[in-house]
Amino acid sequence: MSTDKIVLQAEDLKVSFPVRRAGHSTTVQAVRGVDIRLRAGETLGLVGESGSGKSTLARALMRLIPSEGTVKFDGLDVSHLKSGAFRKERKRIQMVFQDPYSSLNPSLTVGASIAEPLKVHTKLSSAERAQRISEVLTLVGLNADYADRYPDEFSGGQRQRIAIARAIVLNPEVLVCDEAVSALDVSTQNQVINLLEELRDKIGLSYLFISHDLAVVRHISDYVAVMYLGEIVEEGPVDRIFEAAAHPYTQVLLNAVPVPDPVAQRATTKLLLRGDIPDPTNPPSGCAFHQRCPFAMAICAQTAPPKVEIPGGGAAKCHLHTSGPVLAGRPINSLTEAEITAETATGKDGSAGESLAAASMPAPSRVTVPGRPESSL
Amino acid sequence: MTDAKDALLSVENLRLEIDFNGAWTPVVDNVSFSVRPGETLGLVGESGSGKSVSAMSLMGFLGRQRGQRVSGTAMFQGRDLLRLTDRQLESMRGNDIAMVFQEPMTSLDPAFKVGHQIAAGIRVHQDVTAAQAKELAIEAMDKVRIPNARVRAESYPHEFSGGMRQRVLIAMAIANNPSMLIADEPTTALDVSVQAQILALLTEMKEDLGLAMIFITHNMGVVADVCDRLAVMYAGQIVEEGDVFETFAAPQHPYTNRLLAAMPSITSRRGSLEWIPGSPPRPTDFVTGCRFAPRCRHRLESCELPTTLLEISPGRSNRCLRGNTWMQENES
Ligand SMILES: Nc1ncnc2c1ncn2[C@@H]1O[C@H](COP(=O)(O)OP(=O)(O)OP(=O)(O)O)[C@@H](O)[C@H]1O
Ligand SMILES: Nc1ncnc2c1ncn2[C@@H]1O[C@H](COP(=O)(O)OP(=O)(O)O)[C@@H](O)[C@H]1O
Ligand code: SF4
Ligand code: SF4
Ligand SMILES: [Mg+2]
Ligand SMILES: [Mg+2]
C-alpha cells in the first residue's frame, strides 16, 4: 500500500509552553526541532518516556497548539494558513485518544457523536448522515443500530471502536493515535490493533501511532521514531530499530521491556537508567541524555551530538558513532567491553564509570540500579 | 497448592459477596492459594476478574461493611485475617502485611511532606520518638534508592515524578519491616524504563529482606520477571495455579493459554494479534459451570458442570473440566 506520497511532514518543529517554576516564569521546550515524514499507507510509530513530548508533537501537527517550523499536509504547507483556510485542510487528519471513557460525550448517542464532524465539515442531509454513520459503524465492526445507544452501554474496547468510527467518518488520510490502546486489556487492545490494520488495508489510512508499549509499536509500525526530551534521538525502519538500535536510549528502552518468557527474561542483563527524565525547562548541556546514559563520554556533556545516518535505514544522534569508541553506524549491542573501558579511562567521573561497568556486565546476573540516581527528582 | 504448614499466608475458599439490589452476589469465590516466606505469587487476569477484590478482602478493606460479606479462611502467622477485630486489623496492616497500589497519588496525602507521612506510619506501629521515626523514614527512603533521602524527605508528593512517588510508597510499605507485601499493579502506570527500575528494586527487597509478595498485574512479562508462582483469575475464581516456569512452558487452562498467546512480542512480528472474542462476565452473570465457556474454543456440553480447582501435580492445579485433553485440538 505504501507509496512515496508524503501525507504528513514536519520540519524543525518547535513548541514551548510558558510555565512558572519556583516563583518565576520560564518556558518548557516540549518539542525542540523535530523532523518527521509519514508516507501514504504507512504507520509511523512514536515512542519515548512520558513527558518526552509525544502528545505535544501530535497536537502541534494538528495545529491544536501554536508552534514554530513547518507542517505540511500532503505537500501543502499549512503552518501559515489562516484559520478559515486551515479548516478545510484539518479534516485530512483526525485523532484518537487514550481514554475511551472521556473521549465520547456521555449525553449524546453514539450516532450523534459521530454526526458532529459531518455537521461541521459537510453539507450532507440528515438521511445521508445516517447512511454514513451506519457505514462507518459497520467498518469498525460494530452493529449499525448501536447509533441509537449511549456510550455507557459499551465496554472499553467498543468505545474505542466508536471513537475510531468518529475519527474516520470524514475520510481522513491520516489518523493520529495517541496511546489509543494503552488503557485496554491485552485481548481488547489486540482487537483494536487488528482493526486499525484492517482499515489501513481497506481505506488506505496512514497512522501516526504514539505508544509507550514497544511490543505494540513493533507490531504495527513500518517506521519508528524515538523521542527523548523533545527531540527525535533515533529513527529508522521498524526491524532495524528493534534488532540493531544505534542509540543508547533506544537500547535501554528495548532492554526494559519484560518478555513473557521467564527463562529468557531472567537471563537478560538489565540496563537500568539512572534517575528520571530531566526538567524540560532546563535541558542538560550537550547530549540531553548524558546524565542517564550508560555509555556517556566526556564529550557528551559538552557538545550536542550530530545526526548520523545508520546503515539499514534512518539516523541516530549520538557521539558514539563519531567519537570515542567509534560505532560508525554499528548497533549498540555490538559494542565490546574493551571499547567501553577504553573510553571510561579517558575523563569520566566515578558514578558514570560504575554504570558503564554495569552495562557491560556479563549475563545472567541482575544489575541493580547502578550508583545513586543523580537527577534532582 | 503449597503445603499449608510451611506457608506464611494460606487462603482457603475466600468468598466475597456483595448485595446487588437485594441479591447476595459472589464477586470472588472459591479462591485458595498460599504464599511461602520469601516467595512471590503473581495474580493475573483481565480487568474485572477479581484480583483487587481478593487482595482488598484479605486486608479487610472489603467484606466488613454493610452490604458485603466475606467467608473462608486466610491464615497468616497463625491468625485468621478474616476474623480479626478491627483493632487487630489496624495493627497488622502496614506492619506485618503492607500494601502498595497502582496510582501513587491516591495513597499519598498531597498536603504533607513525604518524610512526615512515612514517619507517621512508623509511629503507628513502633514505639519511637518523632525524631527516631524521622530517621527511620529517611533510612527507608534510602533503601528504595531515593537520592538525597534526607533532603527529599522534606518534599511534597507533587514534587516527585511518578516513579519516585512509587518508590516513596514502597519505602512506606517496608518501613515497619513487614513479612509480606501485597502490590496491586505497582508499575502499570509507569514507563517501561521506570518499571524496570521498580521491578529490580522489588526483587532486591525480596532477596535482602526475605519479603513474601502477592504481585497483581496484567502483564505476563512482569510475571516472567519477578514471580515464582502464578495464579490466573477469571470471573472471580482462580482457574490455574502453579510454578511460573512450568505454567509458561505448558499452560493447563485454555484461558491461561490464550492470555499468553495474546502478548505481542518485542522480538518478532506476527501476522495478526491474538484476541479472545467476547468479554468477561459480570458477577451477576456468573454461572456454576465453567465461566470461561462462552469464550472458549474447546467448549463441550459437559463444560456446564460445576468446576473445581484440581491439583494435577504437586504444586500445580487447573480448573478446566477437560483437564489437558483440549491441548490436542487445533488452536485456530
Ligand atoms: N466495592 C465494590 N462494590 C461492588 N462491586 C465491586 C466493588 N469492587 C469491585 N467490584 C466488582 O468486582 C469485580 C472484580 O473487580 P476487581 O477490581 O477485583 O477486578 P481486577 O481484577 O482488580 O481488575 P483490574 O485489572 O481492572 O484492576 C468487578 O466486576 C467489579 O466491578
Ligand atoms: N499545556 C502545557 N503547559 C505546560 N507544559 C506542558 C503542557 N503540555 C505539555 N507540557 C510539558 O511538555 C513536555 C512534553 O509533554 P507531552 O507532550 O505531554 O509528553 P508525552 O506525550 O511524551 O508524555 C512535558 O514536560 C510536559 O510537562
Ligand atoms: S551522545 Fe553520549 S550521552 Fe548521548 S546517547 Fe550518545 S553516548 Fe550517550
Ligand atoms: S471447562 Fe470447557 S469451556 Fe471451560 S476452559 Fe475447559 S474446555 Fe473450555
Ligand atoms: Mg502523552
Ligand atoms: Mg485491580
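In the predicted model, eight strands of chain A form an open sheet in the order β6-β7-β8-β3-β9-β10-β12-β11, with mixed pairing. Strands are DSSP runs of E with at least two residues, helices are runs of H or I with at least four residues, and both are numbered from the N terminus; two strands pair if DSSP finds at least two bridges between them. Strands of a sheet pair through backbone hydrogen bonds, either parallel or antiparallel. Angles are taken between axes, which are lines fitted to C-alpha atoms (for helices over the stretch in contact), and run from 0 to 180 degrees between N-to-C directions.

Within this sheet, strand β3 (residues 43-47) of chain A runs parallel to strand β8 (residues 206-210) of chain A, and four bridges join them. Phe209(A) in β8(A) is the bridge partner of Gly45(A). Helix α5 (residues 156-168) of chain A packs on the sheet and touches β6 and β7 (174-178) of chain A, where contact means heavy atoms within 4.5 Å. The direction of α5 makes about 170 degrees with that of β6(A). Helix α9 (residues 248-256) of chain A lies across β9 (223-228) and β10 (231-237) of chain A, at about 100 degrees to β9(A).

A further open sheet of chain A consists of four strands in the order β2-β1-β4-β5, and its pairing is antiparallel. Here β2 (24-39) and β5 (76-77) of chain A stand at the edges; each has a single partner strand, so one side of each is left without a neighbour in the sheet. Five bridges link β1(A) with β4(A), and Ala10(A) has Val71(A) of β4(A) as its bridge partner. Strand β4 (residues 68-73) of chain A is joined to β5(A) by two bridges, with Asp77(A) in β5(A) as the bridge partner of Lys72(A). Helix α1 (residues 54-61) of chain A lies across β1 (6-21), β2 and β4, running at about 120 degrees to β1(A).

Ligand 2 is surrounded by 14 residues, each with a heavy atom within 4 Å of the ligand. The closest are Gly51(A), Gly53(A), Lys54(A), Ser55(A) and Thr56(A). Polar contacts are pairs of N or O atoms within 3.5 Å. An oxygen atom of ligand 2 lies 2.4 Å from a side-chain N or O atom of Thr56(A), and a backbone N or O atom of Gly51(A) is 2.7 Å from an oxygen atom of the ligand. A polar backbone atom of Ser52(A) is 3.3 Å from an oxygen atom of ligand 2.

Aromatic residues were also examined. Over all chains there are eight aromatic pairs, defined by ring centres within 6.5 Å for Phe, Tyr and Trp (its six-membered ring), with planes under 30 degrees apart counted as stacked, over 60 as edge-to-face and the rest as tilted. Tyr228(A), Tyr249(A) and Phe289(A) form one aromatic cluster. In chain B, the charged end of Arg69(B) sits over the ring of Trp24(B), 4.1 Å from its centre, and that of Arg93(B) sits over the ring of Phe61(B), 4.0 Å from its centre. This arrangement requires NZ of Lys or CZ of Arg within 6 Å of the ring centre and within 35 degrees of the ring normal.

Residues are numbered from 1 along each chain as its sequence is written, while chains are lettered from A and ligands numbered from 1 in the order in which they are written. In this predicted model, local features need pLDDT of at least 70 and side-chain atom pairs count only at pLDDT 80 or more, whereas totals for chains, interfaces and linings use all residues; side-chain values use heavy atoms, with hydrogens and water left out.

Key. A polar contact is a pair of N or O atoms within 3.5 Å; within protein, one must be able to donate a hydrogen and the other to accept it, and residues adjacent in sequence count only if both atoms are side-chain atoms.
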